[in-house]
Amino acid sequence: MKKNAGICFTVIFVLLLAAAGFLFFRGWVQFSVGVDECGVLVSKTGGVYKMPVEKGRFVWRWEPLLPTNATLLRFSKQNWHCTKRVSGALPSAEIYSLQIQQNPDFTYSFDFDIALQLRAEELVDLVESGAIQHQDDIEPYFDKCAQTLAEHAARYIISASNAKDEFPLPVFSSDEIVSAVSGAAYKGVQVHAIFVTASKIPDLNIYETAKNTFETFASQVNTELAGLARRQAELIVSDNRAVNKLVKVGETLKNYPELAEVLKNSDAALLLKSLETVR
């Protein structure tokens, strides 16, 4: 009997140990995430778990113990690469170009090679907000971020080139560009590198000359228009005064008919003199 009891106890102990091991590994969600991955635990009972799941960070949760209750969303942390082109024209380029005899081209274009990576600490917020739900959502999300970064990078290069007053285009390192435009990155995105692979930028000195020439011309035109408007206003006021005088003369003749004969027998000079004296 003692022998049978010992065997029974051993079997029960092994079964309990196996069950404990099963439950432990079932709830050890970190075990299901690869080295180059980051996970987000989503459950029906607890919603989105507030901490990202990564290798090297122990995470055990009870939610996966319930069948169909929890899902571990896995996302790659490997660098994502893309190329972006940004092109356009400097402000009022067509108008300013007309100020220079050669009609210089004030358009620009840049080709960028951009490397991005998922920022694990902000991944939970992205999943919770609905911005991304699966690995397939990462590429379009990164693509929009890369386009925004490329546009900011183009503006920065043009502005910095103008400030440095260098032509042809000075060389901008990836670190400098990343530092300048990282604030435009989307939530959850780490900007690793932005390289300029090709560029076309107009001579900013000529552009500034054309801009100043146009502004001087516009200022002169505005001055002339202001003078013309002032003279026109004076003429209108003068005409109104003449009409008012004629009205007063008419009223005077109506009240004093005998003056009509005096004016009728007078010449134009006398009529004008009468208008000048009417108040």
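The lining of the largest pocket is made up of seven nonpolar, two polar and three charged residues. In this count Ala, Val, Leu, Ile, Met, Phe, Trp, Tyr, Cys and Pro are nonpolar, Asp, Glu, Lys and Arg are charged, and the others, Gly among them, are polar. The model is a predicted one, in which local features need pLDDT of at least 70 and side-chain atom pairs count only at pLDDT 80 or more, while totals for chains, interfaces and linings use all residues. Residues are numbered from 1 along each chain as its sequence is written, and side-chain values use heavy atoms, with hydrogens and water left out.

## The largest pocket

The largest pocket holds about 220 Å³ of space. Its lining consists of Ala89, Leu90, Pro91, Tyr108, Arg155, Ile158, Ser159, Asn162, Leu204, Tyr207, Glu208 and Lys211. Helices α4 and α6 (204-255) are the elements that contribute two or more residues to this lining. A pocket is an open set of points on a 1 Å grid over the protein atoms alone, where a 1.4 Å probe fits, with protein on both sides within 12 Å along at least five of seven lines; lining residues have an atom within 4 Å of a point. Grid points are joined across faces, edges and corners, and the volume is the space filled by probe spheres set on the points.

## Overall layout

The protein has eight helices and six strands. Read from the N terminus, the order of elements is α-β-β-β-β-α-β-α-α-α-β-α-α-α. Helices (H or I, at least four residues) and strands (E, at least two) are DSSP runs, numbered from the N terminus. Of the 279 residues, 29% count as buried; buried means under 20% relative accessible area, exposed over 50%, and partly exposed in between, with a 1.4 Å probe and protein chains only.

Two strands pair if DSSP finds at least two bridges between them. Strand β1 (residues 37-43) is joined to β2 by two bridges, and valine 42 has valine 48 in β2 as its bridge partner. A hairpin of three residues connects β1 to β2. Seven bridges join β1 to β3, where leucine 73 is the bridge partner of valine 40. Five of the seven residues of β1 are buried, and the strand is mostly covered.

The other open sheet also has three strands, in the order β4-β5-β6 and with antiparallel pairing. Its edge strands are β4 (80-89) and β6 (189-200), each pairing on one side only. The twist averages 25° from one strand to the next, with axes as lines fitted to C-alpha atoms, for helices over the stretch in contact, and angles from 0 to 180 degrees between N-to-C directions. Strand β5 (residues 107-118) runs antiparallel to β6 and is joined to it by 10 bridges; serine 109 stands opposite lysine 200 in β6.

## Aromatic pairs

The structure holds five aromatic pairs. Rings of Phe, Tyr and Trp (its six-membered ring) pair if their centres lie within 6.5 Å; planes under 30 degrees apart count as stacked, over 60 as edge-to-face and the rest as tilted. Two of the pairs are tabulated below.

| Pair | Centre to centre | Angle between planes | Class |
|---|---|---|---|
| Phe110 and Phe112 | 5.9 Å | 25° | stacked |
| Tyr156 and Phe172 | 5.9 Å | 70° | edge-to-face |

Tyrosine 156 lies in helix α4 and phenylalanine 172 in the loop between α4 and α5 (174-181), so this pair ties together parts that are 16 residues apart in sequence. Tyrosine 156 is partly exposed at 24% relative accessible area, whereas phenylalanine 172 is buried at 9%. Phenylalanine 110 is buried at 0%, and phenylalanine 112 is buried at 1%. Ring pairs link Tyr108, Phe110 and Phe112 into a cluster.

Serine 161 lies in helix α4 (residues 138-164) and counts as buried, at 2% relative accessibility. Its C-alpha is 9.3 Å from that of valine 171, which is 10 residues away in sequence. Serine 174 is placed in helix α5 and is buried, with a relative accessible area of 10%.
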